[in-house]
Amino acid sequence: MNRFLVFIVCSLFFFASSCDEEAPDELPLVPCDKFLIVNENAFLTLDSDPFTVTNAFVIDDCLQVVITASGCDGNAWEVELIGSDSVEVSTTIQRDLRLKLKNEEDCDAVINKPFAFELRTLGVKGSITLNLDGWDKPLNYSTE
């Protein structure tokens, strides 16, 4: 009986320690085929259709984001990631980001759709904290 409990505890520890906190298993990874636009004017005057960020995480040089909005299937959605020109310096370097959704789908279904944005256009050397508007957790990106 004791060996069985030890086996169960060790198995749970193995599975828990092998999980990647940056890439939750329940989220689909999509190709990193969109690019971050760094433009202060576009950042400040951004006009977007309504949506909710339901998850966000960084893997390598890619920001994976899942958004939820009403629509038919989300295939006609146009999404952009806009970054501020200004960089905040505190204990770490920080940059603010906003998503822009253009949604002309006229359906009442609730759609969850993943998008992925290339982060190398930030030109970061080292580590930076990304603050995505609508997401309450800081996102850490490192080129090291």
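This is a predicted model: local features need pLDDT of at least 70, side-chain atom pairs count only at pLDDT 80 or more; totals for chains, interfaces and linings use all residues.
Residues are numbered from 1 along each chain as its sequence is written, and side-chain values use heavy atoms, with hydrogens and water left out.

**Overall picture**

- The protein has two helices and eight strands, and along the sequence they run α-β-α-β-β-β-β-β-β-β.
- Out of 144 residues, 34% count as buried (buried means under 20% relative accessible area, exposed over 50%, partly exposed in between, with a 1.4 Å probe and protein chains only).
- Take the contacts (heavy atoms within 4.5 Å) between residues at least 6 apart in sequence: 71% of them join residues at least 24 apart.

**The sheet**

- Eight strands make an open sheet with mixed pairing, in the order β2-β3-β6-β1-β4-β5-β7-β8; two strands pair if DSSP finds at least two bridges between them.
- At the edges are β2 (52–59) and β8 (139–142), each of which pairs on one side only.
- From one strand to the next, the twist averages 35 degrees, using axes that are lines fitted to C-alpha atoms and angles that run from 0 to 180 degrees between N-to-C directions.
- β2 pairs with β3 (residues 62–71) in the antiparallel sense, over seven bridges, and I59 stands opposite C62 in β3.
- β3 also pairs with β6 in the antiparallel sense, this time over ten bridges.
- β1 (residues 34–38) and β6 go together in the parallel sense over two bridges, with F117 in β6 as the bridge partner of K34.

**Back to Q64**

- Q64 stands opposite A116 in β6.
- With a relative accessible area of 6%, Q64 is buried.

**The nonpolar core**

- The largest nonpolar core has 26 residues, and L99 and L132 have the most contacts inside it; such a core is a set of buried Ala, Val, Leu, Ile, Met, Phe, Trp, Tyr and Cys residues joined through side-chain atoms within 4.5 Å.
- Two or more residues each come from β2, β3, β4 (78–89), β5 (93–102), β6 (109–118), β7 (127–132) and β8.
- β3 gives the most to this core, with four residues.
- Setting aside neighbours within four places in sequence, L99 is in contact with a list of residues including L46, F51, V53, V65, I67, L81, F117 and L132.

**Two exposed spots**

- D60 is in the loop between β2 and β3, and its phi is near 55 degrees, a positive value in a residue other than glycine.
- D60 counts as exposed because its relative accessibility is 64%.
- N41 belongs to helix α2 (residues 40–44) and is exposed too, at a relative accessible area of 55%.
- N41 and I82 are 41 residues apart along the chain, with their C-alpha atoms separated by 9.8 Å.
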